[in-house]
Amino acid sequence: MQKHLNKNDLLALNRIIRRSHGDGYLVVEKSPSRGGDEVQQIDPESVTLRGLSIGYDKPLVSDINKTIYPGDTIAILGSSGIGKTTLMRTIAGLIRPLSGEISHNYPKRGGIGYIPQRLGLVRHSTVRSNVALGARTRRSRWYPFWFPLDKKLKDDVDNAMRALKILDIADEPVRILSGGQQRRVAIARTLVQRPRIILADEFLGELDKENVNSIITATKEIVDEIGATLVLIEHHEERAIELADRIWRIIDNNLIEEGDSNQ
Amino acid sequence: MIPINKKLFFIGISLILLAWLSLDDLVDDWGQIEGAPEKLQTFFSEDLLPPDWSVLEAEVWADGSLHKPNGDVCDENIELFCSKAWTGMVVTIKMAFVATLIGFFFSIPIASLAANNMAPLPIAMPARVLLAGLRSLPSIIWALLFAIALGFGPLPGILAMTLYTIGYLGKLQYEAMEGVHNAPLESGLAMGLTHSEQLFHVVIPESSNHLLSQLLFMFEYNVRHGAVLGLVGAGGIGMYIDNYINPPFDYNKAFALLIVVFVVVVIIDLISMLIRSFVTEEGDVKRPKWWSVILPPSMAVEMYSKKEEE
């Protein structure tokens, strides 16, 4: 009997293999049916960083060679000012790399979800319209900007707000919310966007433990559902290890992956 | 002794000195000042004062019937509504309203192209040059051009005001847009929002307070300028003022009309304060009744909490 795997099955399988074998994508890479050097073909949705050097005037981190596979959860660690945010902004396409290249074939619209450190919410709009902004990217760029969203997207917006427990404050302006609530809004906006990759700078910030746990649960559920890749910048080392299945550490201009024997 | 920042002190003194030198260079004959207050006093007491409030009344024709300034018979119950001040002001306010609104709709997209956090320099520069061009001709010159092309009346006035509004409001708007925080724009950019989506859903809500106050200021500015545009026959209250300051001089009536303009400007300012209170952070509070918008935010909050307790 031959069973065709759909994209989500493949992602789930990929994740299981990687979790049980440590650096599992090597296993996938070397599977007999596919050539060892055809990583890109196995995971057409991966992000490849090739000879990447990032920074503003002089390089903060140089010679980054990494592949981010779909379904990965990566935590970037390092002391402040070392280039974590710059790396994330470069992957998000907000700044040009100094040299090297980033390649992926995510759609320009809606492919990347970015939660900056300061959350990037529209403070004078309501929670609902902030979250709806994420859903809007799922329509074509020619969808008239003054049109309200259609029923399906509206339902998705409501569901995302329900999952993050912000449905009861949906019509409040964002600026009057607490830090934790604002964080939930930013996460809901990115989740409803259904991006291929989520880049979250200081994803959980300085939240209390209760908030952290409920946000993590809600996020993981949706991320698993949409099969997105998650790249986080995290200050708490323990939390990072618990959350992520790959740890990138920036030390002295270098990006080192933990448990990677090639480095 | 009050501590003085030495650097600031010297910069301040140098600027004042520079201004004085420029003034002295410009003025050849300081003897002009002599007798100036007396001349002004004579002008005020003999020509301007007292203001002639007959501009608040309808015209009385030889047969004793009341008429509007345009010659129509006055069929209003209140005579004021047929007066030059009222009819002129209504025309001016209508002109300013139309011009401000049309100007606003054109200036918003142009300003979004001129703001350097929303558009790259090769697009922003031409947009800025366009706005500067519209602004560098005062509205009275625009009015003159349109009056030549279209003849006299409110239409050239409206067009002149509209073009000037685009230039002036556009500049204020792109500066307000550049003041918007970078973070929401960046996440929008990474998400792949289009320029118009960023403008409509991020920038306009974020700078709404500034945009609204600029819009209201522009309306007030256009009402004031309605008085000037009359000089080139662009209609409204300015046309009557123009009639009175030309021979046969009737300064008392012109003065009365200027006072009317002043009162209207003050009223617009009060209304604008009221409207803006809805979009400022302090003013956005729960209010117990619709009429409580006239209360300052702190009092409204107090009333609201009292009502909740009941």
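User: What makes the reach of helix α3 of chain B close to the one expected at 1.5 Å a residue?
Analyst: Start with the rule: the expected span is 1.5 Å times one less than the number of residues. Helix α3 (residues 84-114) of chain B has 31 residues, for which 45 Å is expected. From first C-alpha to last, α3(B) reaches 42 Å, close to that value. "Helix" here is a DSSP run of H or I with at least four residues, and a strand is a run of E with at least two, both numbered from the N terminus.
Keep in mind that this is a predicted model: local features need pLDDT of at least 70, side-chain atom pairs count only at pLDDT 80 or more, and totals for chains, interfaces and linings use all residues. Residues are numbered from 1 along each chain as its sequence is written, while chains are lettered from A and ligands numbered from 1 in the order in which they are written.

User: Where is the kink in α3(B), and how do you know?
Analyst: The bend at a residue is the angle between axes fitted to the seven residues ending there and the seven starting there. At Ser107(B) this comes to about 30°, shortly before the proline Pro109(B).

User: Why is Tyr251(B) called partly exposed?
Analyst: Count the C-beta atoms (placed from the backbone) within 10 Å: 20 or more others means buried, 12 or fewer means exposed, and in between is partly exposed. Tyr251(B) has 18 such neighbours, so it falls in the middle class. You'll find Tyr251(B) in helix α11 (residues 251-276) of chain B.

User: What does Tyr251(B) touch?
Analyst: Contact means that two C-beta atoms, placed from the backbone, lie within 7 Å. Leaving out residues up to four places away in sequence, Tyr251(B) touches Asp47(B), Leu48(B), Tyr244(B) and Ile245(B). Pro51(B) is 200 residues from Tyr251(B) in sequence, yet their C-alpha atoms are 8.1 Å apart.

User: Which elements give two or more residues to the side of chain B that touches chain A?
Analyst: The contact takes 19 residues from chain B and 30 from chain A. On chain B's side, the elements giving two or more are α7 (182-191) and α8 (195-206). That side splits into nine nonpolar, six polar and four charged residues. Here Ala, Val, Leu, Ile, Met, Phe, Trp, Tyr, Cys and Pro are nonpolar, Asp, Glu, Lys and Arg are charged, and the others, Gly among them, are polar.

User: How is chain A divided into domains?
Analyst: An automatic or database domain assignment sets the bounds, giving domain 1 (1-106 + 196-263) and domain 2 (122-193) of chain A. The contact between them takes 10 residues from each of the two domains. Helix α8 (residues 209-226) of chain A gives the most to domain 1's side, with seven residues.

User: What makes α7(A) mostly covered?
Analyst: Of its 15 residues, 12 are buried; among them are Gln182(A), Val185(A) and Leu191(A). The buried residues of α7(A) pack against β5 (112-115), α5 (127-136), α6, β6 (197-201) and α8 of chain A, together with α7 of chain B. Just after α7(A), Arg194(A) takes a positive phi of about 50°.

User: Why is strand β4 of chain A said to lie largely in the open?
Analyst: Strand β4 (residues 99-103) of chain A has five residues and zero of them are buried, so it lies largely in the open. To say that strands pair, DSSP must find at least two bridges between them. Strand β1 (residues 47-55) of chain A and β4(A) have four, in the antiparallel sense. Within that pair, Arg50(A) stands opposite Glu101(A).

User: How do you know that β8(A) pairs with β9(A), and how do they run?
Analyst: Four bridges join strand β8 (residues 246-251) of chain A to strand β9 (residues 254-257), and the two run antiparallel. β8(A) and β9(A) form a hairpin with two residues between them, and Asp252(A) in the turn has a positive phi of about 45°. Asn253(A), in the loop between β8 and β9 of chain A, has a positive phi of about 65° although it is not a glycine.

User: What makes Asn253(A) partly exposed?
Analyst: Asn253(A) has 15 other C-beta atoms within 10 Å, so it gets that label.
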